[in-house]
Each structure stands twice: as C-alpha cells, then as structure tokens.
Amino acid sequence: MLLELEILDGVRKGQKIKLNSNLDTTDKIPYVLETEAIIFKLSLDQEVSGAKLVVGNTEINLLPTLGIKNEYIANPNRTERGGYESLFFNYLGIAIFYVQLEGEAISSFEEVGQIEVLARKASVEQVQSMINFIMTSEEDDLLSMKGPTNRSAVLEKKEGEKPQKLIEQLEENLRLLKLQLPYILNAPLSALSSKLQVRPGSPGVDTSDQGMAWLTENLSVLQPADAPDSATLEYQGEFYIAEEIQTSVVYENKDIYENRILHGYIDNLLRFTNKLLLGYDKARASTSLNHYEGYVSFFSAMSQWIKEKNSVHIKRVQNIQHEIRVIQKMLSQKIPIREIDLSLPRFTPKVRANRQYTILFRSIHDWYQGGYINWGNQKLLLAISNIPKLFELYSVLLTKKWCSLNCSEIIHDQNFFWRGYINGHSVKLHYEPEFWMSGHVKVTGDIVNTHNHNLHASVNDEKGKRRFHRYAKRSPDIVLEIEKKDGELLLVVLDAKYTTQKLAFERDLPMCIVKYVHGLGSWRNQHLVKAMIIVFPHKKGEYHDFHASPFDVNGITPQFPLLGVQGLNLSETSTDQNEYIHNLLSTIFRLIDE
C-alpha cells in the first residue's frame with residue numbers, strides 16, 4: 001500500500017511525498033504547509049469496492065483513477081475564488097493517515113504514514129492561551145496521554161501536587177524556617193551527656209576505674225609528688241602526681257534526635273529542589289528538523305512556550321535552593337550532629353515544651369505527608385503533537401470546571417475524568433470514552449455503538465452476532481453521562497473541532513449527529529443522546545442552533561436532541577473562558593430537568 005501526496009499550489013507546487021506503512025518511522029517525517037492544497041493517490045495490490053482516507057476527524061473518499069488499475073485518487077475542492085481548498089488550513093502538528101478499505105474479500109483499517117504540518121506564525125499565536133490555561137489549571141489530577149489522535153489516547157490518573165503549588169509550599173516552609181531558626185540557634189535543645197576526656201591532673205579530679213586503667217597504659221604522665229596532698233596516687237610508699245588524666249566530663253549534647261530531625265528536614269528540602277529542577281529540565285518538547293520560512297513547527301513552538309513558562313518557576317526554585325544552603329551551613333556550625341534523621345518526626349516531650357521546635361515539627365510533619373510532584377500538566381502537554389488534540393484537552397478542562405462549579409457533591413473516582421452530583425442527578429464526565437459495537441467482546445456498561453457503517457455490515461448483521469474488530473467503536477471527545485433520580489440514563493455529547501465556524505456547522509455537526517445521536521444506543525433509553533454540541537474556536541463565542549426558532553435551545557419550544565455549534569474564545573482570562581460553554585451547559589441541564 002502506497003499513499004502519494006502531490007502539492008498543487010504555492011512555491012512547492014509539483015513536489016510529491018510518498019507514505020508507506022512499511023517505511024521506517026525513525027526517519028525524518030516529511031512535512032507540508034497548512035496553506036498547501038494536496039492531491040492524494042492510493043496504490044493497492046488488489047481491487048476494492050471502496051477506499052477512504054481518514055486523517056484526524058476528516059474522512060476523504062477515494063475514487064478509482066481512470067485507466068489505472070488499483071489506483072484511487074482524491075482531488076481538493078475548489079474555493080469560491082477558483083483556487084483549491086487546503087485540507088490542513090488552521091492545523092499544526094503531526095497528522096496521521098489511516099486507510100479504510102472495503103471489498104468482497106477485504107475489510108481493513110490501517111495506518112499508512114504520517115506527516116508534519118507547519119503553520120503560519122499567526123496560527124501559532126492563536127493557541128498560546130490554551131497552553132497557558134492548561135499549565136495554570138487548578139486541576140490536580142490532569143492526565144497523561146499518548147498518541148496524537150483519539151484512536152490511541154489513554155488516560156492515567158496521577159497523585160501528588162502540581163510543581164507550582166509545591167514551590168509555593170517550599171516558599172512558605174522557608175519563611176517559617178527563617179522566622180523560627182534564630183531562636184533555635186541561640187538556644188538549641190540539648191541533653192546532659194558525659195564523655196571521657198584527658199584533662200590536666202590535680203588532686204581535685206575524680207579518678208575513676210577507667211581513669212586508673214588509662215594511667216596504667218600511660219605511666220609517662222606520672223611524676224613524683226612533693227606532698228601527699230597534691231598526689232594522685234601512692235605506690236609502695238611513694239607519692240605520684242599525674243600531669244594528665246582521663247576523666248568523665250558532663251556537657252550539653254546537641255547531637256540529639258530533635259536536632260537530627262531538623263538537619264534531615266533541611267536536607268530533604270534541598271533534595272526536593274533538585275528534583276524540581278531536574279523535572280523542569282526534562283520538560284522539553286520533541287524537536288523537529290522541518291522548517292520553512294514564515295512557518296513554524298508545532299514542536300518548536302511548544303518547546304519555546306513551555307521553556308518561557310518554566311523559566312519563571314526555575315528561577316524561584318534556584319532562589320529557594322540558595323537560601324536553604326545558607327540555612328544548612330548555619331545549622332551545621334551552630335548545631336553539629338553526626339548523622340541526619342529523615343523519618344517522620346515524633347513530638348517528644350522536649351519538642352512539646354519548646355514553642356519554636358513545635359512550630360517547625362508541625363511544618364515538617366505536614367511536608368513529609370505530601371511533597372510528591374505531579375508532572376501531569378507538563379507530561380500531558382509534551383505528549384500532544386497537534387493543535388486539534390490541544391483544543392480537545394482545553395475543551396474538556398473547561399467542561400470539568402463547569403461541573404465542579406455547579407455540583408452539589410464531588411465523588412473521587414479514578415475511572416472517570418470527573419464524577420459527582422449536579423441538580424440532584426448522578427453525572428460522570430468521560431474524556432474520549434470507547435463505546436463498542438453491540439455484540440463486541442469489549443462491550444462494558446449500558447452504552448453501545450449501534451451504527452452499521454456500510455451495507456456489507458447491515459447485510460451480515462444478525463441477532464447475537466459476536467464482533468471482534470478493533471475499530472468497531474465510537475469515541476466522542478467529551479461525554480456527560482447523566483443518570484436522573486428516576487434511573488433514566490441520558491448523554492450530553494460534546495465534540496471539539498479545531499476548525500472554522502462554517503465547517504463546524506455544515507460538515508462536522510451533521511457527521512456527529514449520525515455518529516453519536518443515531519450511532520449510540522442503550523437498552524435503558526431509546527432516546528439516549530439529549531444534546532450533541534460541536535465546540536470550536538471563535539473570538540466572539542457565538543452559538544448556532546440546528547433547529548430553527550422557536551425550536552432552538554433558547555426558543556419557546558426547544559427540540560430534543562439539542563443540536564448546535566458553540567464557539568470558544570481562546571482567552572487567558574477565566575471569565576472569557578467560562579462564559580460561553582458554561583452558559584450553554586447550564587441551559588442544557590435546565591432543559592433536561594423541565
């Protein structure tokens with residue numbers, strides 16, 4: 001199988017790119033520009049009745065080439081001005097091509113290759129706010145994913161805190177240390193201890209058995225005494241005085257448990273700052289070898305954005321690290337110990353009796369109980385390889401934010417992106433769920449894909465049929481699964497399309513109505529999907545309804561299922577981000593309750 005892309009316009013007109021599923025994917029990925037129109041030619045080893053090219057959410061029908069056996073072709077549409085439409089206009093990143101074949105002896109769906117789409121700088125700047133929103137999101141359970149398309153995306157929950165939040169905790173811990181440490185350095189906790197010490201000999205020094213044993217091994221320190229009163233010992237009638245003698249000395253020992261805990265805490269903070277710096281150093285996007293004047297690679301842009309955002313945090317960590325080293329040096333000089341203690345601190349009687357130690361031990365205890373870094377935001381962004389996937393994530397985070405703001409209860413469940421109660425109904429938020437074909441071996445739950453996608457599938461369908469095909473599923477971007485108080489099961493489906501308003505309404509909405517409104521079903525409800533909304537980027541955040549007034553979502557008699565397209569303003573301010581999608585979701589839930 002060979003897929004050939006031929007550029008039809010621009011400076012690179014006539015250039016061809018050949019993709020083959022057998023080629024080594026470690027080679028440099030070929031590229032196209034977002035403004036270039038392309039002809040697709042597919043060469044096969046056998047004749048098929050139908051061939052379709054799938055890239056992202058776009059399906060392109062390939063027609064047989066006249067006079068050439070087993071070759072199929074797709075030409076771009078003409079624009080109103082007579083030019084050619086660009087398939088990748090407003091796209092940036094990796095595009096993976098799949099080929100779907102249908103025939104008497106074949107039915108397959110497989111990847112044939114991938115290309116990188118370079119975009120104009122203006123297109124790149126339009127999505128920077130999405131990066132900022134995701135990186136500064138207050139969600140603590142952002143998920144890591146793999147793959148640039150929804151065909152391979154998976155979710156994995158992570159525990160811990162975002163690095164930015166932990167940096168704030170570090171700064172607070174450091175502030176507390178600097179406030180309490182001067183008191184501790186001036187009057188540290190200690191314990192009375194004794195140790196053997198060689199001291200100048202005199203009659204007043206108590207000579208223990210250990211001291212006498214030491215003298216027998218060091219006889220050279222004994223000198224004849226002038227008088228018995230000054231003698232240290234008497235031997236065979238002669239009196240001797242010891243110039244030096246080993247004796248037990250009582251002193252205040254600072255090398256105790258409480259101080260070892262303090263040293264261990266400082267060491268822990270220092271190690272933690274090193275972990276943060278190492279994590280930020282690893283947070284670098286993949287690089288691209290492709291470049292073209294006036295156009296930008298997604299990976300280069302992503303790497304630069306993440307670097308700029310992280311540089312501020314790196315500087316803060318470096319400042320914290322410097323101050324910790326200064327404290328560590330002071331502590332070592334004033335309160336020397338033999339070894340540190342990194343265990344969870346115990347509130348000993350000495351600690352409870354000392355206000356400064358109590359304050360710090362409480363802070364240490366809280367820090368040790370947490371202090372795990374969750375790099376979910378960073379890893380998630382680094383795993384994304386194109387703008388449509390970035391827009392999907394942006395949209396689901398906005399939806400999750402609405403759920404959190406409008407719920408009466410949140411249920412922590414790792415099986416869902418969000419779960420809780422809204423308006424008294426049980427609501428589960430899914431991100432790219434997989435609804436398998438009825439009768440498929442992977443079917444779980446009450447929702448299935450009911451769509452026979454071609455005549456062959458319908459002809460061969462039968463009661464109780466078992467299905468095994470790996471692509472016999474539907475996977476909408478965002479699904480709100482609602483179970484009402486009376487047990488009725490409903491779905492609100494949102495599909496994120498990084499496209500124009502016109503294509504969202506005229507191309508994507510009809511396609512998704514077939515795929516999800518008619519293509520998803522359940523034995524629990526014959527009218528499962530109550531709303532199907534396309535979300536797309538739009539400066540004004542406009543909403544356009546499938547149903548004419550007064551049957552639209554804001555009309556007197558809104559018709560179910562609710563169908564329309566909702567624009568999202570890619571603004572960095574939370575008010576602008578929330579307003580459009582939040583108002584629409586609130587209206588949908590109100591109408592469901594009526």
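**Note on the packing of the chain**

1. Among contacts (heavy atoms within 4.5 Å) in the chain between residues at least 6 apart in sequence, 72% join residues at least 24 apart. The model is predicted: local features need pLDDT of at least 70 and side-chain atom pairs count only at pLDDT 80 or more, while totals for chains, interfaces and linings use all residues. Residues are numbered from 1 along each chain as its sequence is written, and side-chain values use heavy atoms, with hydrogens and water left out.

2. The chain has 13 helices and 27 strands; these are DSSP runs (H or I, at least four residues, for helices; E, at least two, for strands), numbered from the N terminus. Of its 594 residues, 50% are buried, meaning under 20% relative accessible area with a 1.4 Å probe and protein chains only.

3. A nonpolar core is a set of buried Ala, Val, Leu, Ile, Met, Phe, Trp, Tyr and Cys residues joined through side-chain atoms within 4.5 Å. The largest one has 58 residues, of which F391, Y394, I422, L480 and I588 touch the most other members. Helix α10 (residues 387-406) supplies the largest share of this core, ten residues. Leaving aside residues up to four places away in sequence, I588 touches V492, A531, I533 and L562. Another core, of 37 residues, lies apart from the largest one and includes L181, L331, Y368 and W375.

4. Helix α3 (residues 163-186) packs with helix α6 (residues 298-334) at an angle of about 25°, their axes 11 Å apart; axes are lines fitted to C-alpha atoms over the stretch in contact, and angles run from 0 to 180 degrees between N-to-C directions. The two helices are therefore roughly parallel, a label for angles under 35 degrees. Residues in this contact include L174, L177 and L181 of α3 and I320, I324 and L331 of α6. By class, the contact has twelve nonpolar, two polar and six charged residues; Ala, Val, Leu, Ile, Met, Phe, Trp, Tyr, Cys and Pro count as nonpolar, Asp, Glu, Lys and Arg as charged, and the others, Gly among them, as polar.

5. The axes of helix α5 (residues 257-282) and helix α8 (residues 355-369) come within 11 Å and cross at roughly 45°.

Notes: Angles under 35 degrees count as roughly parallel, over 145 as roughly antiparallel, 65 to 115 as roughly perpendicular and the rest as oblique.
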